[in-house]
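Open the model in your viewer and keep the selection tool at hand. The tour goes stop by stop.

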Amino acid sequence: MREVTDAEVRAAVDDRALVDACTAALAALGRGEASQAAKQMLPAAGGGFFLSISAVVPALGWAISKWASYVPAEGGAGRSTSTILAGPADGSAPTAVLRGMLPTRLRTAAAAVAAIEALGRADAASPVALLGFGPTNRAVADMLATLHGVRSWRVLVRSDAAGDRARAALPGEVVVGGRDALADAVLAVSATGAAGAVASVADRL
């Protein structure tokens with residue numbers, strides 16, 4: 001079995017191809033032509049959890065199973081792990097194992113972009129709101145900037161440090177703030193480890 005590193009994943013993955021694959025997988029799932037097991041979650045000490053999920057997409061030729069964990073941290077980012085087994089959709093043994101968070105972040109970003117494209121909201125000239133600016137939302141932003149030229153951002157974060165990271169990393173106009181920062185956004189992407197709500201739909205009204 002081949003072990004694939006985060007560096008190899010980043011070098012091999014084309015963002016456009018990944019979004020198209022996610023779009024195809026979601027469409028196949030909606031038509032009943034793919035199977036996904038219910039997500040299983042088990043509690044871990046300190047308020048964290050273990051997670052497992054599996055899916056088979058015959059049209060793409062792949063079966064995937066993921067085991068992950070998350071441990072929160074007081075006043076900062078928690079610690080996440082992810083191990084993914086991938087193999088042929090014909091029931092053969094897995095052929096690759098992917099250890100590291102990059103595959104999960106890229107898949108999450110691609111799924112978000114696929115949904116945004118399906119809604120017809122991938123408009124380079126309109127502001128996008130990011131609820132949280134951890135590694136996952138950073139991946140979403142990078143993909144939107146690369147594929148759709150987004151250059152206007154509204155960022156809602158819980159710390160000045162996260163706001164500074166957003167200003168340094170995002171291309172174009174970056175507004176960091178509270179509910180006022182969301183007022184003119186055409187869509188909002190949420191990827192945060194917060195235990196409670198970080199924004200309300202009332203903020204958009």
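Buried here means under 20% relative accessible area, exposed means over 50%, and partly exposed lies in between (1.4 Å probe, protein chains only). Helices (H or I, at least four residues) and strands (E, at least two) are DSSP runs, numbered from the N terminus. This is a predicted model: local features need pLDDT of at least 70, side-chain atom pairs count only at pLDDT 80 or more, and totals for chains, interfaces and linings use all residues. Residues are numbered from 1 along each chain as its sequence is written, and side-chain values use heavy atoms, leaving out hydrogens and water.

**Stop 1: helix 2**

Select residues 15-30, which form helix 2. Which of its residues are buried? They are Asp15, Leu18, Val19, Cys22, Ala25 and Ala28. Residues three or four places apart point the same way because an α-helix has 3.6 residues a turn. Now show helix 1 (6-12), strand 4 (49-57), helix 3 (102-118) and helix 4 (135-148): the buried residues of helix 2 pack against these elements.

Just after helix 2, pick Gly32. Its phi is positive, about 80°.

**Stop 2: Pro94**

Go to the loop between strand 6 (76-88) and strand 7 (96-99), where Pro94 sits. Pro94 has a relative accessible area of 38%, so it is partly exposed. Beyond its neighbours within four places in sequence, Pro94 is in contact (heavy atoms within 4.5 Å) with Met1, Leu85, Ala86 and Gly87.

**Stop 3: Trp67**

Finish in strand 5 (residues 62-73), which holds Trp67. Trp67 counts as partly exposed because its relative accessibility is 42%.

Conventions. Expected span 1.5 Å × (residues − 1).
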